[in-house]
Amino acid sequence: MQPITDPRDGDAEDDASSTKQRSLLSLAGSLLAEISLPKLVVAWVWLIGVPALLLGVAPLLASVWLSTVSTKVAYAVSGVWSALVLAAVLALGWYGGRRLVRIAEGSFWALTSLAVQPIYALAREGLRHLAEAVLAKGAGQARRARLRAATAAVAGLAVAVPAVLLVVWLWPSTRWSGSMADLAAPLRLAAAGAANAAVLIVGYFAAAAAVWGIADATMDQPRTRRFSVKAGEAGPDEASPDATPRPVARRWRVAHLSDIHIVGERWGFRIECGRAGPRGNGRLHRVLARLAEIHASEPLDLVLITGDVTDAGRSAEWAEFFDALTPYPDLAARLLIQPGNHDVNVVDRANPARLDLPFSPIKRLRQVRTLSAIAAVQGSRVNVVDLQARKIGPTLDTALAPHRKMLASFADRAALRDVPAVADVWAQSFPLVLPPETPDGLGVVLLDSNADTHFSFTNALGLVTAEQMRGVEIAIEAHPAACWLVALHHHVVEYPMPAKELSERIGTALVNGTWFVRRLQKLVPDAVVMHGHRHVDWIGTCGDLTIVSAPSPVMGATNDRDTAFYIHTLARDAEGRLHLLAPDRIVIPGEAEG
């Protein structure tokens, strides 16, 4: 039989959500046509409308409370009701404090990522694109770094100044004190609260843009790493051309994979690349077979997959992952995986307009699937961090043992009542720590860098919480003589790479990437940071930090095209510093059609 179209080649429906096959304007049109307006209204009111109104009304209500209650403070303190209220507040802080702080932090960065970051990043990268094209042709890395710093500062001011002017224009409509009469006129109170909220949010927008620009301008600018050393030596590179190569005391071989985007169908295509990428999971099987050959001849210490193990976090995709891994037990014993945005944040692989309500259990269901897979792969080898005791805690398997029955039940029924418990278990599972085998060995920290989003079109936002960074600090303090590999999914900075189009420069780096880099530099300045997310092949530095971005061995190339991944050698010198030696690029050849 000869069909008119070969179903194995896919068709236009496979490109429905592909950013490689369709323009952003076309995708935006699909969003408008497909989006669920009732869900959008509920989500907007829940996530933006109510918090903004409460923020604006809070000063008015506070002033009313102070004016009416301050005269009765003595009675309130001596009364039994005050004691009960105080006990209730203390109980809330004791039992729910960490959860409330986690929610507040997530909401703060969600507002920043949706309101400030896109406009600031567009201004910054637009200025850089223009400056590097016009002013920096042929310039060295030092001059380009200065140029990047200057454009960050200018971009921050360019966004902040109009916002300040808008605050000045809105200020006459605001009112910051109220009276009991306002409580009898809720519409008037809401109008004043809306004006206050607008000023507070726009004022925050101005301050955040200015602070962001200054922070980006004053940090160590990223520089591309150039390797010019022998395999048995550490350093120098272009960032330190006068350094003397140092003998290597110990070394570790790490195969770095990322964004393997496993699909659940034999002939399925992937969300982002559609028909511009390979069909099914055959390319992944060839990658694992090649890794097994390499490991047999020159053993690997670690196989690291920095997120986006699956294309949409579905059960069938995780099943395909385990089936692909089964023939390679030696690789599985060295494997470490962590969550990417496609594992936990993609709501619908076929419809970018799909929106989950913030309290929907479906998001938590994807987290349960991912956590189950992580535990199956490495649960007996990695540890959680006990933040309260400030120490490295039990293995992930042990930490999950009291929750296994609840998680299994949730996977079966997705009961709404269990959503908060699942969210807590997920948050408390990161960072994961692979302790060094010896005091001066190599330790690995695995972070969850995914922002808590509920919309397929905004699934790629990244965030490392303060809670996780405290865990990193505790792990490093527990092994002060160790070297550290820090792994996350999202890229921490935009790369200093030439680009033909402005769209190539604007990615979805960590919303708090500048803060993350500065904090990590203080904790362990010679750490090696490995990530994926952008599918970009880049190795560079920020100060003494080494940053490694992994290409995807399956994305963006049809079956007949070559793809590649890297095997990195991490080396500890005699002084105890960690270095990245020249990597081995492993090419996976394309397959001839037919």
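Modeller: The chain has 17 helices and 16 strands, where helices (H or I, at least four residues) and strands (E, at least two) are DSSP runs numbered from the N terminus. This is a predicted model, in which local features need pLDDT of at least 70 and side-chain atom pairs count only at pLDDT 80 or more, while totals for chains, interfaces and linings use all residues. Residues are numbered from 1 along each chain as its sequence is written, and side-chain values use heavy atoms, with hydrogens and water left out.

Of the 594 residues in the chain, 50% are buried; buried means under 20% relative accessible area, exposed over 50%, and partly exposed in between, with a 1.4 Å probe and protein chains only.

The part in question is helix H15, residues 419-428. Because seven of its 10 residues are buried, H15 is largely enclosed by the rest of the structure. The buried residues in H15 are Val419, Val422, Ala423, Asp424, Val425, Trp426 and Ala427.

The loop between H15 and strand S8 (432-434) contains Pro431. Phe430 and Pro431 are joined by a cis peptide bond, with omega at about 5°.

Two other loops hold residues for comparison of backbone and burial. His261, in the loop between strand S3 (246-257) and helix H8 (282-297), has a phi near 45°, a positive value in a residue other than glycine. His261 counts as buried because its relative accessibility is 0%. Arg390 lies in the loop between strands S6 (383-386) and S7 (391-395), and its phi, near 55°, is likewise positive in a residue other than glycine. At 41% relative accessibility, Arg390 counts as partly exposed.
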